[in-house]
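Dear colleague,

I am handing over the structure we spoke about, and my notes on it follow below. Please read them alongside the coordinates.

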Amino acid sequence: MLALIALHDGRVQEAQAEHVLEEAVRAVAEQTGIQAEAAKRQAIAAHEMPALREGEAAAAAALVRLKRGLDELEAENRRAKQRAEELGKRLAELQTDLARQESIGHDATESLARLAEEDAALVRESEGSGGSTEAATAAQEEAEAALAAAEAEQTAAQAALSELAARRGALERALREAREREARASAERDRLQRDQASIEAASTGAPLDGLREALAAGEAAMRAADAQAIAARTALAAARERENQSRGPLAEADRKAQRLETEIGTLRKLLAPATDGRWPAIIEAIRVAKGFEVALGAALGDDLDAASDTAAPAHWRETGPGAGDPALPDGAEALARHVKGPAALGRRLAQIGVVARADGERLRALLAPGQILVSREGDVWRWDGFTSAAEAPSPAARRLAEKNRLDDLQREAIAAREAAEVARGALEAVIAETRAAAQAETAAIEATRQARRLLDQSREQLAGAERKAAEMAARLSGLTEAISRLGQSAAEAGAQASEQEKALAALPVSVELENSLLKARATLGERRAAASDARARLQTLAREAELRTRRRAAIAADIEAWRKRAGASSQSAGESRQRIATATAERQALLEAPDTFLTERRRLVAEIEQAEAARRESADRLANGEAALADADRQARIALEGLSGARERRASAEARRDAARQRVADIARQIEDGLETGLDGLQAIAGHKAGDPLPETEAVERRLTNLKAERERLGAVNLRAEDELTEVKGKREGLSSERDDLTEAIRRLRQAIGALNREGRERLTAAFEIVNGHFQQLFGVLFGGGEAELKLVDSDDPLEAGLEIFARPPGKKPQVMTLLSGGEQALTATALIFAVFLTNPSPICVLDEVDAPLDDANVERYCDLLTEMARNTQTRFILITHNPITMARMERLFGVTMAERGVSQMVSVDLATAEHIREAG
């Protein structure tokens with residue numbers, strides 16, 4: 001009955017689909033006409049668009065060109081203003097340079113005038129002294145002539161007195177006067193001789209020869225001191241070079257020792273037993289020779305994890321020497337020879353033979369029960385036939401190899417530390433040599449300075465002595481001449497007295513002749529004194545002329561130097577004036593440029609306004625065209641959508657009609673296939689006659705459902721039940737095994753995490769104590785007292801606890817770091833950073849503006865701390881700072897200067913060398 005109902009419904013649906021298809025065909029025809037009209041309007045609008053777009057693009061391009069021209073004009077104006085400002089500054093600089101050059105020229109002019117005036121004065125003095133010299137020469141000649149005339153007159157008077165010595169009285173008076181004159185001359189000569197002796201005695205107090213010898217000795221000492229200073233500098237440089245060369249091996253040895261110690265610590269931690277220590281594995285008590293670790297690990301495997309303590313659940317127990325145990329076959333060496341460990345392993349190791357890899361298979365047939373052969377590569381041959389090829393080393397083998405590696409590293413670390421100590425001793429010796437060389441250099445520099453001081457003193461003493469000697473020589477010359485003259489006068493007086501006595505004895509003395517003789521003698525004495533004075537005056541004028549000649553030569557050199565400076569200044573001033581004129585002209589042109597710029601700008605603004613109007617007009621036309629095109633596109637799209645919808649409805653109607661036909665055919669075929677009858681037979685089976693109404697579908701379906709339920713209650717036979725059961729059991733066992741493996745992995749992971757946490761707590765606690773100790777010490781150094789402490793807060797577990805800093809600066813109560821002032825916080829943070837740094841120092845430490853928030857007193861403490869740390873840790877500190885106190889405490893300064901505009905230059909100053917140079921100067 002359901003088949004009849006379905007067949008009837010299919011035919012009804014087929015008729016409805018035919019009707020819908022006819023309506024869809026009519027709609028497609030209508031929409032096709034509408035779409036063709038819309039496509040025509042769209043084509044017309046699209047044809048007009050390119051011309052509109054080109055017009056709008058041309059207008060926009062013209063506007064962009066004009067705006068770019070305006071921007072370039074504005075930029076040119078800004079550049080002109082900037083150039084004008086630069087030229088103004090340049091003019092000011094040039095004016096300053098010109099003023100400086102003119103000042104130099106003015107100074108040169110004044111100096112030249114002053115030197116010329118001094119030279120003219122010297123010339124005048126020379127000319128005047130020339131006349132004085134000629135006058136002195138003439139006076140000397142005149143005095144000499146007068147002296148000769150006086151001597152001739154005296155001779156004539158003496159002759160006249162001799163000729164006319166008729167009268168004894170005159171001769172007696174002449175004799176008495178001669179004796180008196182002789183006595184006066186002798187007395188004057190004696191006085192002058194005493195003066196001469198006193199001057200000579202005074203001159204012997206500072207002999208020139210001794211001073212010259214002292215000067216020569218000072219010069220020799222100075223040369224020797226210079227040589228010693230040069231030798232000391234060379235020795236110091238060589239010592240410093242040796243020190244620098246010695247630091248490299250020491251640093252390399254320290255790095256090697258630290259690397260080995262770090263590796264040793266890491267291996268020790270890795271080799272530390274993972275258990276709680278109650279039953280350590282027997283592997284911890286085993287020492288195996290190098291190369292046999294893999295063999296032992298392959299032979300014993302997990303048995304090495306058992307303990308040697310008999311109280312452990314899994315343990316090794318000593319069972320005696322095993323006297324009755326079989327011997328290993330020939331060619332096999334007992335592994336016990338290469339392993340040192342507890343006696344409990346003795347029997348087991350004695351029954352394990354080490355053989356070559358190629359002999360394993362051959363010797364396995366000779367094994368007794370319980371014996372094992374193993375190769376050094378890890379191959380295993382057991383007496384019961386079990387064979388294992390060498391693969392990756394087992395954990396036990398790796399652990400044994402790491403233990404051997406640990407022993408080797410410990411020996412290497414001892415040797416490296418000894419080498420480091422030797423290198424440190426050599427470096428300390430070289431440092432001592434460098435220090436001694438520096439002291440020797442300082443002493444040599446001091447000796448050089450002392451020798452130079454003594455040499456300058458000797459030169460000053462010699463110059464003073466020479467001046468005094470010249471003065472004394474002049475006085476001695478005059479005294480000598482006077483003494484000679486007085487001696488001559490006394491001798492002459494004595495001779496005259498003798499002659500007069502003879503004449504008196506023979507002739508009478510004439511009083512008039514005696515008076516003439518006396519006058520002649522007085523005139524002769526005066527003439528002699530005048531001649532001596534004229535000779536001394538002439539010598540003084542000659543010395544003054546020589547001094548003027550030297551001074552004029554010096555003035556000529558100074559005049560030449562000042563003329564050169566004046567010429568250079570004049571040339572520079574000319575160049576400056578030329579630059580000023582050029583810059584002034586360029587600046588004036590730039591200052592006049594705004595008028596031209598304003599005119600050009602107005603023209604461009606007007607053209608831009610016109611271009612904008614043209615662009616707006618083109619844009620409006622383009623917008624209208626685009627709107628028309630958009631409307632045409634919209635109408636075409638609507639028409640196309642309508643046509644598409646009509647076509648879709650037609651296709652849907654066709655599909656529904658075809659589906660209805662196919663369904664009717666399928667139902668008919670199913671009826672034929674299932675019931676093996678046609679429509680008439682079906683109606684007969686269902687008890688339905690043609691033309692009778694069909695029953696309700698729900699009633700038929702309920703009846704069909706009841707029939708199916710009755711069939712299902714009968715049940716079905718599952719032929720694959722046993723195979724499915726086997727498959728499910730296999731999956732269950734696999735999941736159980738994976739669950740057990742996962743549980744074991746979780747247990748091991750938790751154990752590893754516990755071991756890592758335990759080690760982390762220990763290491764963190766140890767590092768925290770070390771850092772806290774350094775922090776407390778450095779806090780007291782930086783603050784000049786007080787107390788500070790690091791504490792772990794918020795948790796008893798160090799791994800989860802927080803860190804808090806408690807500080808008590810001098811004169812304050814304890815408080816947390818956040819309540820301190822800015823400078824105190826900076827010092828506290830510096831102490832903490834350096835405390836961490838001291839825990840594991842590095843060769844180089846860079847500090848960037850650390851002293852910026854500190855005052856002068858705290859900067860001094862900060863520098864003292866850096867000096868102490870550099871001395872104790874052998875760390876080189878590189879400081880970036882602007883603080884003059886910090887820079888003054890450094891050994892070397894690096895900076896950047898700009899000697900010329902735009903040209904930077906690195907500058908380096910060695911303060912230690914500068915101090916040595918300053919002390920040497």
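**Notes on the chain**

In the protein chain, 75% of the contacts with a separation of 6 or more are between residues 24 or more positions apart, a contact being heavy atoms within 4.5 Å. This is a predicted model, in which local features need pLDDT of at least 70 and side-chain atom pairs count only at pLDDT 80 or more, while totals for chains, interfaces and linings use all residues. Residues are numbered from 1 along each chain as its sequence is written, and side-chain values use heavy atoms, with hydrogens and water left out.

The chain has 15 helices and 14 strands, taken as DSSP runs (H or I, at least four residues, for helices; E, at least two, for strands) and numbered from the N terminus. Of its 921 residues, 29% are buried, that is, under 20% relative accessible area with a 1.4 Å probe, protein chains only.

Helices α12 (residues 822-839) and α13 (residues 856-873) have axes that come within 12 Å and cross at roughly 0°, the axes being lines fitted to C-alpha atoms over the stretch in contact, with angles from 0 to 180 degrees between N-to-C directions. That makes α12 roughly parallel to α13, a label for angles under 35 degrees. Among the residues that meet there are Phe834 and Phe837 in α12, and Tyr862 and Met869 in α13.

Ala312 lies in the loop between α4 (293-300) and β2 (333-334), and counts as buried because its relative accessibility is 6%. Leaving aside residues up to four places away in sequence, Ala312 touches Trp279 and Ala307.

Best regards

Key. Buried means under 20% relative accessible area, exposed over 50%, partly exposed in between (1.4 Å probe, protein chains only). Angles under 35 degrees count as roughly parallel, over 145 as roughly antiparallel, 65 to 115 as roughly perpendicular and the rest as oblique.
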